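Biologist: I would like to learn how to read a protein model. Could we go through it one feature at a time?

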Amino acid sequence: MVPSTLTGRRSSCRLLIVYPVHELTKEQARRISVLAQLLDAERPDDLLEMVRHLTLLQVEPTAAVAPSAHVVAWSRLGAGYRQSALDDLVGSGALVELHSMLRPAEDLALHRAEMAAWPSPVEWKDWERSLAEWVEANDDTRRDILAKLHDEGPCTTRELPDTTLVPWQSSGWNNDRNVSRLLDMMVQRGEVAVAGMDGRDKLWDLAERVYPDVEPVPLEEAMRIRGERRLRSLGLARARAAVAPSEPNDVGPVGEDAVVEGVRGRWRVDPTYLARLDDFSGRAALLSPLDRLVFDRKRMEELFEFDYQLEMYKPKAKRRFGYWALPVLYGDRLVGKVDATAERDAGILRVDAVHEDGRWTKAMRTAVGEEIDSLGDWLGLVVT
């Protein structure tokens, strides 16, 4: 641990402040990350407490194997996890959806102040001002949506009125998706929320009928707590990182300063994991492509030196690993990908390829094979 110092003067005294800088090997950095994501050998046994620790589960309906939130839960809890348990937590209001993430309901208190300050709690950037102006230009539509939800209760996007005077314009993907874009901003303003699903369509309702009635935490304190909780769930993160949709990858000034051998720049580390490194015990795990261990691809490459891309949006001929290939964790290393597809009508989990990065031992192949079998058992499918 290397000290850095800051000196200053107070009257005639010399003030010396010492900040520890933790020097970590890549192995230690990886182990901290695995421990923080509850992917070591000591599995959690409570779904709600697991989500509280992770802070979120991403809502992504693609079910090539199973929706991502369920795969993330299974990767940690094991074959005893039942998808209905997650549905029950959502149905009871213990988990709520915000920005396409399922979050503990009590965490909404940490987001309320930011919602009130939309689009930014500080001086607005030009693009933020443009968003605010577009919402203001279509204020009649916003009011129409709120009135319909108030009178009729949950509605799908298609059931809500589109009376916009100024259509939404973008690079093409979202052109004229007026109501969906307005709903996104009304979520950010704390006015509407996802209340459930009607098949594959989201149901929208007034936020006051979905979110718990909790007092917002003051903005500065809320951002600090969110940073602390995010660092606890990641173990090791950058103080600043590229902007990411829905949930940041950086944590600000919380935690303690760290450097990682062979990686440029400084990191922030949650020191509670440092004492657990000597007793680290890993296992094999199959991960969702959207798992937080691999979601920040830059961090994944820096710490795990893992070559991976989600290829569902690529033409089939250009895929190297598969449509929704599952990253393979073994101990503290990401060691390969499993290209698998759940064919529910046929009752099979089809495994098209197991991509081994580097040389696998017999023990690795056995452990990964057991995880594939466990995945099939969990899905109620025969592995072929």
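Predicted model: local features only at pLDDT ≥ 70, side-chain atom pairs only at ≥ 80, totals over all residues.

Biologist: How do I read a sheet, and in what order do the strands of the open sheet of five strands lie?

Modeller: Strands of a sheet pair through backbone hydrogen bonds, either parallel or antiparallel. Helices (H or I, at least four residues) and strands (E, at least two) are DSSP runs, numbered from the N terminus. Two strands pair if DSSP finds at least two bridges between them. Here an open sheet of five strands runs in the order 11-12-13-14-15, and its pairing is mixed. Strand 11 and strand 15 (382-383) are its edge strands, each pairing on one side only. Within the sheet, strand 13 and strand 14 run antiparallel and are joined by eight bridges.

Biologist: What is the order of the open sheet of three strands?

Modeller: That order is 3-5-4, and the pairing is antiparallel. Strand 3 and strand 4 (95-98) are the edges, each pairing on one side only. Four bridges link strand 4 to strand 5 (residues 101-104) in the antiparallel sense, and valine 96 stands opposite arginine 103 in strand 5.

Biologist: How many residues lie between strand 6 and strand 7 in their hairpin?

Modeller: Two residues lie between them, and glycine 199 in the turn has a positive phi of about 70°. Strand 6 (residues 192-198) pairs with strand 7 (residues 201-206) over six bridges, in the antiparallel sense. Aspartate 198 has aspartate 201 of strand 7 opposite it.

Biologist: Which residues touch the most other members of the largest nonpolar core?

Modeller: A nonpolar core is a set of buried Ala, Val, Leu, Ile, Met, Phe, Trp, Tyr and Cys residues joined through side-chain atoms within 4.5 Å. The largest one has 39 residues, and Leu47, Met50, Leu57, Leu286, Leu375 and Leu379 touch the most other members. Helix 2, helix 3, helix 4, strand 12 (326-330), strand 13 (333-343) and helix 13 each give two or more residues to this core. Leucine 57 has contacts beyond four places in sequence that include Met50, Val72, Leu86 and Met101.

Biologist: How is a pair of packed helices read?

Modeller: Two packed helices are described by the angle between their axes and the distance between the axes. Axes are lines fitted to C-alpha atoms, for helices over the stretch in contact, and angles run from 0 to 180 degrees between N-to-C directions. Helix 1 (residues 26-36) and helix 10 (residues 219-234) pack at about 110°, with axes 6 Å apart. Angles under 35 degrees count as roughly parallel, over 145 as roughly antiparallel, 65 to 115 as roughly perpendicular and the rest as oblique. Helix 1 and helix 10 are therefore roughly perpendicular. Ile32, Ser33 and Ala36 of helix 1 meet Arg232, Ser233 and Leu234 of helix 10.

Biologist: Which side chain does arginine 31 join through a polar contact?

Modeller: A polar contact is a pair of N or O atoms within 3.5 Å; within protein, one must be able to donate a hydrogen and the other to accept it, and residues adjacent in sequence count only if both atoms are side-chain atoms. Arginine 31 is in helix 1, and its side chain joins that of aspartate 332 at 2.9 Å. Arginine 31 is partly exposed, at 22% relative accessible area.

Biologist: Is histidine 22 buried or exposed?

Modeller: Histidine 22 counts as buried, with 10% relative accessibility. Its side chain makes a polar contact of 2.4 Å with the side chain of glutamate 256.

Note on methods: Residues numbered from 1 in each chain as written. Heavy atoms only, no water. Buried < 20%, exposed > 50% of the residue type's maximum accessible area, 1.4 Å probe, protein only. Contact = heavy atoms within 4.5 Å.
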